[in-house]
Amino acid sequence: MALHLRGTVVLDDEREVGEVWVVGGRITFERPSSARDAQDTVLEGWVLPGLVDVHCHIGLASDGPVDDGTAEKQALADRDSGVLLVRDAGSPADTGWVHDRDDLPRLIRAGRHLARPKRYLRHYGRELTSVDQLPDAVREEAARGDGWVKLVADWIDRDLGAEGDLRPLWPADVLAEAVAAAHAAGARVTAHTFATESLDALLDAGIDCLEHATGASADHIDRIAAAGIPVTATLLQIAQFEAIAAQASRYPVFAARMRALHAHRYTLVRDLHDAGVPVLVGTDAGGTIGHGKIADEAAELVRAGIPTRDVVAAASWRTRTWLGAPGIAEGESADVVVYGADPRDDVAVLGRPRAVVLRGRPVTT
């Protein structure tokens, strides 16, 4: 049976069509020979390529890895929100089994966060006892994942006592060697970074993406833009910085920095966008943030000053292209979301999908 998608079918920034069909789970622009079948299964509205959560942690909760049943519920919550492609941003759980589930979003895994002892959240990362281990660990995580590796570039150093603050984890030369090792293995590298002090070494090393990047200065923004490096803003996560600061009374320097980053978050995101930096849409779900909140993250980006049309594009076809994943194209898998209004005019529409179609099958209507 063919599925008929009708209304405004958005292919990319420049192209729209009035209808497409799904036959055998795949998109076609040619009307099937049996018009009756096509008419029996019509979904009408604004049709977008499936949404992308580019910073998501399936298999992770606030206290570490979760069982497969819980991970399944996380993935289903993402799917039902319209997210049909997830770039994992580090998980201590082995979620390779998700690839075998046709009812779950497509998943691009990054393996485990690479960190150092006591320099990241407990039970989250793979802790390396020596910085010299980083290049080999990157090679191993590249082999385990789906073309991405996740580094923790900075975290609070509590050994400094009352002066404890965000500090880089890796020397610049080791970081450069590690990124080169990932590239030689055919993988890209992204990095968790809150601190200003980490960014120059990451950029010098040839990092492929930045997560949070809350410490970026005007000079860093220029460098990021010139290199064409995307930034995942994770504004839902940054919104928690004030609460984090309130719990860090033993570390007043760190607390003051987190409050400053929180206060500056919207200005930073707007400045990144205005400089031409691709600002990606990622919820940071799986730690302290629930899954299925892509619309909330998109709304935060609009609140920061990014035009709604750019936010919706980043949540869908633009990021698919950057990740090397197909959108709505002849012969490609039908992974689409249907809305009752145009989300490019009102970002709140992203939170009200009329239908979600995954691998050619409606999974929510």
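Arg359 sits in the loop that runs between strand S20 (353-358) and strand S21 (361-364); here helices (H or I, at least four residues) and strands (E, at least two) are DSSP runs, numbered from the N terminus. The model is a predicted one, in which local features need pLDDT of at least 70 and side-chain atom pairs count only at pLDDT 80 or more, whereas totals for chains, interfaces and linings use all residues. Residues are numbered from 1 along each chain as its sequence is written, and side-chain values use heavy atoms, with hydrogens and water left out.

Most residues other than glycine have a negative phi. Asp284 is another non-glycine residue with a positive phi, this one of about 60°. Asp284 belongs to the loop between strand S18 (279-280) and H11. With 8% relative accessibility, Asp284 counts as buried (under 20% relative accessible area is buried, over 50% exposed and in between partly exposed, using a 1.4 Å probe and protein chains only).

H11 (residues 294-304) also pairs up with helix H10 (residues 265-274): their axes come within 8 Å and cross at roughly 80°. That makes H10 roughly perpendicular to H11. For reference, axes are lines fitted to C-alpha atoms, for helices over the stretch in contact, and angles run from 0 to 180 degrees between N-to-C directions. Angles under 35 degrees count as roughly parallel, over 145 as roughly antiparallel, 65 to 115 as roughly perpendicular and the rest as oblique. On the H10 side, Tyr266, Val269 and Arg270 meet Glu300, Leu301, Arg303 and Ala304 of H11, contact being heavy atoms within 4.5 Å. The residues of this contact split into four nonpolar, no polar and three charged (Ala, Val, Leu, Ile, Met, Phe, Trp, Tyr, Cys and Pro are nonpolar, Asp, Glu, Lys and Arg charged, and the others, Gly among them, polar).

Next comes helix H3 (residues 134-144), whose buried residues are Leu134, Pro135, Ala137, Val138, Glu141 and Ala142. They cover an arc of only 160° around the axis, so they lie on the same side of H3; the arc is that of the directions from the helix axis to the C-beta atoms. What these buried residues pack against is strand S10 (114-115), strand S11 (126-127), strand S12 (148-152) and helix H4 (172-184).

The structure holds 26 salt bridges, each being a side-chain nitrogen of Lys or Arg within 4 Å of a carboxyl oxygen of Asp or Glu. One of them joins the side chains of Glu141 and Arg126 (2.9 Å, N to O). This pair links distant parts of the chain, with Glu141 in helix H3 and Arg126 in strand S11, 15 residues apart. Glu141 counts as buried, at 1% relative accessibility.

Glu197 and Arg257 form a further salt bridge, their closest N and O atoms being 2.9 Å apart. Glu197 lies in the loop between strand S15 (188-193) and helix H5 (199-205) and Arg257 in helix H9 (residues 252-263), so the pair ties together parts 60 residues apart in sequence. Glu197 is partly exposed, at 41% relative accessible area, while Arg257 is buried, at 16%.

Arg223 and Asp204 also meet through their side chains in a salt bridge (2.8 Å, N to O). Here Arg223 in helix H6 (residues 218-227) is linked to Asp204 in helix H5, 19 residues apart. Arg223 is partly exposed, with a relative accessible area of 33%, and Asp204 is exposed, with 58%. Elsewhere, salt bridges that share partners join Arg126, Glu140, Glu141 and Arg144 into one network.
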